[in-house]
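Below are some notes on the model, for reading alongside the coordinates.

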Amino acid sequence: MSEKKNGIDKGLIRDLANILNDTDLTEIEVEQDDLRIRVSRAGAMQYVQAPIAAGPAFAQAPAPAAVAAPVVAAPPDNKNAVTAPMVGTVYLSPAPGARPFVEVGATVKEGQTLLIIEAMKTMNQIPSPRSGKVTEILVNDAQPVEYGQSLVVIE
């Protein structure tokens, strides 16, 4: 029997979260009657209860303006790229307005902090896996990143 509080089925939300953990999905959304639940790794869970139009009335309703997500071309696989060890938000400097940890052209040493990834309100320093020269920085400050995404290229 699932727990319900204020009409929210916590058991269903737990089941959806478990599906995310068991698969490579980053988001899942379920719609039933006038209830819509979306669970996402990238952000907080959302609960939306709204009437859902069906049939011809839905087809006649004006479509909401689409918000286009920025399209970022994935760089070609590079064996020298340092990849994100987790999902989170990347920061290139230790504090807003501070000098970045590294810049293109800089020489880094193994273990030197390249950037920070914030995950679950924890700031995780990402160290350089090797010494070398930074030839590319593939992310922007405060950009969300996925696990395995290329961040910095060190030659």
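1. In what follows, contact means heavy atoms within 4.5 Å. The model is a predicted one.

2. Ser150 belongs to strand 13. With residues up to four places away in sequence set aside, Ser150 touches Ala81, Val82 and Thr83, and also Leu138 and Val139. Its relative accessibility is 18%, and buried means under 20%, so Ser150 counts as buried.

3. An open sheet is formed by four strands in the order 6-13-11-8, with antiparallel pairing. Strand 6 (81-83) and strand 8 (107-108) are at the edges; each has a single partner strand, so one side of each is left without a neighbour in the sheet.

4. Val108 is placed opposite Gly132 of strand 11.

5. The largest nonpolar core has 16 residues, and those touching the most other members are Leu114, Leu115, Ile117, Val145 and Leu151. At least two residues of this core come from strand 9 (113-119), and at least two from strand 13 (150-154). Another core lies apart from this one; it has six residues, including Leu16, Ile28, Leu35 and Ile37.

6. Which residues does Leu115 contact, leaving aside neighbours within four places in sequence? They are Val90, Tyr91, Leu92, Phe101, Asn124, Gln125, Ile126, Leu151 and Val152. Of these, Leu151 is also listed among the core members that touch the most others.

Key
Residues numbered from 1 in each chain as written. Predicted model: local features only at pLDDT ≥ 70, side-chain atom pairs only at ≥ 80, totals over all residues. Heavy atoms only, no water. Pairing = 2+ DSSP bridges. Core = buried A, V, L, I, M, F, W, Y, C linked by side-chain atoms within 4.5 Å. Buried < 20%, exposed > 50% of the residue type's maximum accessible area, 1.4 Å probe, protein only.
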